[in-house]
Amino acid sequence: MHEPAPYAASEARSRGRRHPEPAPPYRSQFQRDRDRIVHSSAFRRLEYKTQVFVNHEGDMFRTRLTHSIEVAQIGRAIARILHLNEDLTEAISLSHDLGHTPFGHAGQDALNERMHAHGGFEHNLQSLRVVDELEERYAEFPGLNLTFETREGILKHCAPENARQLGELGRRFLERRQPSLEAQITNIADAIAYNNHDVDDGLRAELLTIEQLREVSLFEREYLEVERRYTRLPGRRMIHEIIRRMINRQVVDLVEASRARLGEAAPADIDAVRDRSEPLIQFSPEMAEQHRALKRFLRENLYRHYRVHRMSVKSAGIVRALFDAFFADPRLLPPDYQHSIREREAAQGESGRARVVADYIAGMTDRYAIAEHAKLFNP
């Protein structure tokens, strides 16, 4: 084990938990965070939430759960090489999608549309709500009572009006400051994971072809190398070999570019990292452009593919219909949510009612949302 870098997150400098607790025996504070996340209901539900392909379309496609595990693996590897806090990186990685709606971004966009007059819906902010309020597992506090550092990393984006209500946690969005290096690693590990596994899933679903992907320099370079070295490799093994190499190339570039940037900036500690206006964990300019090119390709050829778009339109319709029905008649909700609506409505009016309905829908898996829609609307 290497000595942690002076700018790594550490228990000794942690800003603590919202509700003070005795230190855990035999575990670090960030390991406790990770364990609480893994045992949460929201984490288990990620198994049945869409990444790109709706859960029932096939057992081999990624889900939010497998995606989160892949992000954690990539993030931990990068943190270890850079002598940063692996446990914190893992905790952030495993929790970053806890607040995601069913049906991926189509569900999120539909819920945000319905919540427009009530503060909107951001899945990062919803992930924070899950760990701060919505999980019900402990006698002494709501939520999971995670450390400031894990909560800071969960909140990747935040609108200014929401940031103003989050105190110290939201201040960096108003002052354009940075989170910990561990949070910065998770941001990019997230993008590396989903770009590369979406290539894999797109090929498996036959929505993308290798010929199309060869237009992308990041793919073409590894394709030519694999073809040169393994002349008769079967199709699936060839695809896995290419994608494995793509991930490795991006991780190596990120490590080397970030290490150089850290050496030049020489931040004294984690607060010096936070005080910067730009993240220190970044690709080289060349790799950043290749990464953007891959994202553009996927947006045009996979996410906007007519078959994906059809499912997105149907999914958004389900979310809108559920929201409208529950908002119009809260008695359609389970009793504990009806109770929450009465409490929130007394304090915040219709916006309180809308937020509880959004919490209920955001917590659904794909198949539960489909089943609820059928119960309400199918004769």
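**Notebook: pockets, rings and buried polar residues**

I began with the second largest pocket and found 27 residues in its lining, with Leu134, Glu135, Glu136, Tyr337 and Asp359 lying nearest its centre. The elements that give two or more residues to this lining are helix H2 (41-45), helix H6 (123-134), H17 and H18. I noted a volume of about 690 Å³ for the second largest pocket. For the terms, I worked on a 1 Å grid over the protein atoms alone, where a pocket is an open set of points with protein on both sides within 12 Å along at least five of seven lines, a cavity is a set where a 1.4 Å probe fits but cannot get out, and a lining residue has an atom within 4 Å of a point. Grid points are joined across faces, edges and corners, and the volume is the space filled by probe spheres set on the points. Helices are DSSP runs of H or I with at least four residues, numbered from the N terminus.

Before going further I recorded that this is a predicted model, in which local features need pLDDT of at least 70 and side-chain atom pairs count only at pLDDT 80 or more, while totals for chains, interfaces and linings use all residues. Residues are numbered from 1 along each chain as its sequence is written, and side-chain values use heavy atoms, with hydrogens and water left out.

**Cavities**

I then searched the whole structure for cavities of 30 Å³ or more and found three. The largest cavity has a volume of about 80 Å³, and its lining consists of Arg15, Phe148, Glu152, Glu168, Leu169, Arg172, Arg177, Gln178 and Arg274. H7 and helix H9 (168-175) are the elements that give two or more residues to the lining of the largest cavity, and H9 supplies the largest share, three residues.

**Aromatic rings**

Next I looked for aromatic pairs, meaning rings of Phe, Tyr and Trp (its six-membered ring) with centres within 6.5 Å, called stacked when the planes are under 30 degrees apart, edge-to-face when over 60 and tilted for the rest. The search of the whole structure gave six such pairs. One of them is Phe326 with Tyr360, an edge-to-face pair at 5.4 Å centre to centre and 75° between the planes. Phe326 lies in helix H16 (residues 306-328) and Tyr360 in helix H18 (residues 350-362), so this pair ties together parts that are 34 residues apart in sequence. Tyr337 is partly exposed, at 25% relative accessible area. I noted too that Phe326, Tyr337, Tyr360 and Tyr368 form one aromatic cluster.

I also checked for charges over rings, counted when NZ of Lys or CZ of Arg is within 6 Å of the ring centre and within 35 degrees of the ring normal. The charged end of Arg353 sits over the ring of Phe327, 5.0 Å from its centre, and that of Arg367 sits over the ring of Tyr48, 3.9 Å from its centre.

Asn196 lies in helix H10 (residues 181-204) and is buried at 0% relative accessible area. A polar atom of its side chain lies 2.7 Å from the backbone oxygen of Ile192.

Definitions and conventions. Buried < 20%, exposed > 50% of the residue type's maximum accessible area, 1.4 Å probe, protein only. Polar contact = N/O pair within 3.5 Å; in protein donor to acceptor, adjacent residues only side chain to side chain.
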